[in-house]
Amino acid sequence: MNFNGFLGDGSSGDRISDVPYSDHFTFSAAATMPNSRPFSSSHGLSLGIQTNGVNRETFETNATRNKSRGGEDVESRSESDNAEAVSGDDLETGDKPPRKKKRYHRHTAKQIQDLESVFKECAHPDEKQRLDLSRRLNLDPRQVKFWFQNRRTQMKTQIERHENALLRQENDKLRAENMSVREAMRNPMCSNCGGPAVIGEVSMEEQHLRIENSRLKDELDRVCALTGKFLGRSPTGSHHVPDSSLVLGVGSGGGFSLSSPSMPQASQRFEISNGAGSCLVQPPVSDFDQRSRYLDLALAAMEELVKMSQRHEPLWVRSSDNGFEMLNKEEYDASFSRCVGPKQDGFVSEASKETGNVIINSLALVETLMDSERWAEMFPSMISRTTTTEIISSGMGGTRNGALHLMHAELQLLSPLVPVRQVSFLRFCKQHAEGVWAVVDVSIDSVREGASSGCRRLPSGCLVQDMANGYSKVTWIEHTEYDENRIHRLYRPLLSCGLAFGAQRWMAALQRQCECLTILMSSTVSPSRSPTPISCNGRKSMLKLAKRMTDNFCGGVCASSLQKWSKLNVGNVDEDVRIMTRKSVNDPGEPPGIVLNAATSVWMPVSPKRLFDFLGNERLRSEWDILSNGGPMQEMAHIAKGHDHSNSVSLLRATAINANQSSMLILQETSIDAAGAVVVYAPVDIPAMQAVMNGGDSAYVALLPSGFAILPNAPRRSEERNGNGNGKGGCMEEGGSLLTVAFQILVNSLPTAKLTVESVETVNNLISCTVQKIKAALHCDST
């Protein structure tokens, strides 16, 4: 799931959506299938259908489209017009007149484009959708039906060709490894003297064949065992291989011994000995060996995740402080064996569990989690950067069942006092039943050298089960180990209770984001509070601009590697204030020059909900914002992103001080859930925003965001907190708050200019002044 379907650039007449929400979360395998080279011997897909043993009709469906001659548009044919029936009698009798060829109906390029766009969202439209599509495209319903049948057949053919190409590449790789091993055994070298190893009087060819035979038998056993674990059952046609250990005595002066243990890890190690000494010939570890270790680790992690999600007390104990389910470490150590190696010195563990209902189906959520870009878009404030390092397995049968990816991610908490967590891990997806999926993450420290970091991800992930009305029941488990010495003391309690990187925060962000997408993709748009009308394309452009603004803000607070920030050490700046700078050159989304970023985090003796309501209220903005010109601001546009209008994107206008001064526009995005809240804003150019509200491209609107991130501190249990974690009760309604204030300011419009101390002091004074104004407005000066 991503914002591309809604936030992407479209024509001026596009609507938001006329398709039900559940269809928007149905992903097409053809959309992510890479181009594959077709085999030279492949032909069009043919299906033979025989009725009562007499008539037989042959349908051929070409996987490619024909291009029109003479500059005509690209067209396609429906299956009803492409199929021609030829009976056996027509072939035998030649006196009958030939059957008239049916008149072809060619679709226009616009019809094909609309059909393809609907197919990407829903490959199996129902009768109502087909009727609506046929009326809109001026086609017969049967033509629409047959077009989708042909398209699905074409997609299936492409998937099969791609899988065959992958199998062929794997076969070629194994063949090359086989040849290299044969070459190494043909000329064995002694590791002690560097000369040729003395084999003895037995035929060299015979010894090579026996060694190769033993190795292949062990490798076959290992493949069968891994296949059984992978599929969750014993593989069909299992091979019973006799003991492959070979002990050969050759001659009296020398000897040759081959030890082939039953363990697969040592199957490629053999020893050659003679009178002078022993020589070890160790072939290099192949990709297959590394992938098999990855698969063993993923299977063990999946088994642990499923067991942990199904168990309750005494493994999971509900905390008396905040009501969250926390892990009983003694019970965990007694019930599970660690699959990531021993615990590192100085590391502390953090484990939590949360269950809730989310308005998304299981297939859509699985597709989102297995795609690194969609995963980052689903959790924008938690994931700074993520990449898929390697796709070890893409799944079976065109689905995500059995998909295994090697990924790297940077997880962030919106505060300069908490460093970004960098983790390399395996992500494994498995379908346990119809409508029941599990996705597990586990760090690769135990199977790959040099992969250790300041954070280790133990088996973590989610179990997803389909429910009625497009909802899913999600059980989320987070289990990590990290170096606590790198965390500021102000945030250590927040991390230990699970509200920083725990399951509660992941679940709250998932529920808020899915609710947002439901509202935005709904065919019925709620009444707008905007005094200025906004077109559908204008809504898309504004939301796309707001997303870029918020992502830029989060990257500046956490010093993401996506933005090349340089940290400054200035003596007259407070210890908890982090100052960074970077040069903006040739970026259409930012003004050119030197950008200064200042961020700090403070404790506030007010509840997060009260602090959020104060900072997000445009009428009270003059109490802390110098851009308001000392007066209240007026809301010019409002786009709701949830049932609560606090989750929204709005356009504010500041009141001009005098007639000669033009009013200023401020783009603002506010969001809140059970784990935290953000208020992000940026001044924008009036002509540029007018173009955006009319559906123009928002990529060329230059902005530098500032804002606030609010997190609860020392949460206490609340009876108002509901069972599924939805809403903003509990720790957001009471207790203190951890407030992060961040500003990005253009201090010089020349990228080659030098940064001055006065500029740093100005930004530092701006942060201090803003914090003091907020404390004074909320009557907490003395704290």
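A charge sits over a ring here if NZ of Lys or CZ of Arg is within 6 Å of the ring centre and within 35 degrees of the ring normal. The views come from a predicted model, where local features need pLDDT of at least 70, side-chain atom pairs count only at pLDDT 80 or more, and totals for chains, interfaces and linings use all residues. Residues are numbered from 1 along each chain as its sequence is written, and side-chain values use heavy atoms, with hydrogens and water left out.

**View A. Two arginines over rings.** The charged end of arginine 457 sits over the ring of phenylalanine 425, 5.9 Å from its centre. Arginine 421 does likewise with tyrosine 482, its charged end 4.5 Å from the ring centre.

**View B. A ring cluster.** Phe425 turns up again here: ring pairs link it with Trp375, Phe379, Trp476 and Trp506 into a cluster. Rings of Phe, Tyr and Trp (its six-membered ring) pair if their centres lie within 6.5 Å; planes under 30 degrees apart count as stacked, over 60 as edge-to-face and the rest as tilted. That rule gives 11 aromatic pairs.

**View C. Phenylalanine 119 and tryptophan 147.** The ring centres are 6.4 Å apart and the planes at 85°, so this pair is edge-to-face.

**View D. Tryptophan 624 and phenylalanine 708.** With ring centres 5.0 Å apart and planes at 85°, this pair is edge-to-face.
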